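Please walk me through this structure, taking the aromatic side chains and the packing of helices in turn.

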Amino acid sequence: MYSFSFIAMNHTKMRRELGLGAAVMLGLGSMMGAGVFVSLGLGAGLAGPAVLGAIVVAGGLAMCNGLSSAQLAARHPVAGGTYEYAHRVGWPGLGVVAGFMFLVAKSASAATAALGMAGYVLGRVAPGHAPGLVVAGALAVVVMLTVMVLEGIRRTNAVNTAIVSVTLVGLAVFVAAGWGGVDAERFTPFIVTGANNTSGSGAWRDLPYAAALMFVAYTGYGRIATLGEEVKSPRTTIPKAIVATVVVCVAVYVAVAATGVGLVGATRFGELARGGAPLEAIAAEAGLPGWVAWAVTAAAVTAMLGVILNLLLGLSRVALAMGRRGHFPKLFARVDEASSTPGPATVGVAVIIAGLVAVGSIRAAWSVSAVTVLIYYAITNAAALRLPPDARLYPRAFSWLGLIGCLGLAVFVEPVYWIAGGGMLAVATGWHLATRGRADVSAGS
């Protein structure tokens, strides 16, 4: 068991225990969550059948960002992701902004996933349950997975592999069982003029907005980079793992979205997404066997578990990096030698997630995540452009495309979410100005 005594903890580097297969599975565990089980329906409601194109566009942007992340992680294989990379290229202020963007957005995502998973389970075993039970169940999930992460990366990865396997099997069952009922006429017209858009802007705005929402579903590949200090042969393993993860996810997302649209139509897919369990509802509405809906439910539950598990890993490593540099209390920089786990950082992140869970459902969390994540990866691409020639693994064009794409898609997210993002930027900037005098610029080197 993990010891909560910090006496044996030191400010030290963590062991490299993750090979290529383990890194890919961790990436998939972060990406096969609310994106495939909820946001595909949101995108279909906005863009109609053209959500398939939005998925591919978002996947292409994710690949560009992933290659930038891979180069930075190979050059600087330490915990912390873009927070750390921006410091390494001489942009400490942008590093703090990136760290805050990541922590706020992903903590909210983890809380939402915990609430969603509790809702799925209670909806099956206790119909008509009291709302408070969802919060209690979500808190129990957060505590359970926190203890698991504290046990160490090796045990956590074994559990993650099992979770991802169940999720992929459940999605495969949905696609295989539903493909025979797909109606090609439901894909025409392919591009709609804004079925659910209240602004009246039409497809010109809905398509990139849908792509922005789809992009959030891909950002789990960043978990591979934030765990860079624990990956074997990071210069070769990290790029391969990120590319493989994005390619697999594009294929899975397209297959699931095409099945859903083909069975009930894009508009109906979008309507069902508002209930939080669109794939399960599609299986029932399309008349698929009852066991298919159960398989989808099992996949959704395991997917949410995987998302929370991997977010705890990634968030704790960013908090660790911020502790090393003095932007968080130095306690967060401690690593347990026995489990090679940043215990205080993990517990601290879990407390933040639990606090968000206790509030209840987070309204419009996905759109807020879209803004903050696009800003985060814009900083990632900008940092990659500052790499010296000998550190580049890919042409600079990929980083330029990633930077322009992130800023371009962010423009199409509704203004209200930009206000929220602007507030986070102000807080992050103020925090940087307040802590820069005591920050340790050589930490983590």
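This is a predicted model: local features need pLDDT of at least 70, side-chain atom pairs count only at pLDDT 80 or more; totals for chains, interfaces and linings use all residues.

**Aromatic rings and a helix pair**

With a relative accessibility of 5%, Y376 counts as buried, because the cut-off for that term is under 20% relative accessible area.

The structure holds 4 aromatic pairs. In one of them, the ring centres of Y218 and Y253 are 5.0 Å apart while the planes stand at 55°, so this pair is described as tilted. Y218 belongs to helix α8 (residues 203-218) and Y253 to helix α10 (residues 234-264), so the pair ties together parts that lie 35 residues apart in sequence. Both Y218 and Y253 are buried. For Y376 and Y377, the ring centres are 4.9 Å apart and the planes meet at 85°, which means that the pair is edge-to-face.

Helix α12 (residues 278-285) and helix α13 (residues 290-324) have axes that come within 9 Å and cross at roughly 175°, so α12 is roughly antiparallel to α13. On the α12 side the contact is made by L279, E280 and A283, and on the α13 side by V292, A293, V296 and T297. By type, the residues of this contact between α12 and α13 divide into 5 nonpolar, 1 polar and 1 charged.

Definitions and conventions. Residues are numbered from 1 along each chain as its sequence is written. Side-chain values use heavy atoms; hydrogens and water are left out. Axes are lines fitted to C-alpha atoms, for helices over the stretch in contact, and angles run from 0 to 180 degrees between N-to-C directions. Helices (H or I, at least four residues) and strands (E, at least two) are DSSP runs, numbered from the N terminus. Angles under 35 degrees count as roughly parallel, over 145 as roughly antiparallel, 65 to 115 as roughly perpendicular and the rest as oblique. Contact means heavy atoms within 4.5 Å. Ala, Val, Leu, Ile, Met, Phe, Trp, Tyr, Cys and Pro count as nonpolar, Asp, Glu, Lys and Arg as charged, and the others, Gly among them, as polar. Rings of Phe, Tyr and Trp (its six-membered ring) pair if their centres lie within 6.5 Å; planes under 30 degrees apart count as stacked, over 60 as edge-to-face and the rest as tilted. Buried means under 20% relative accessible area, exposed over 50%, partly exposed in between (1.4 Å probe, protein chains only).
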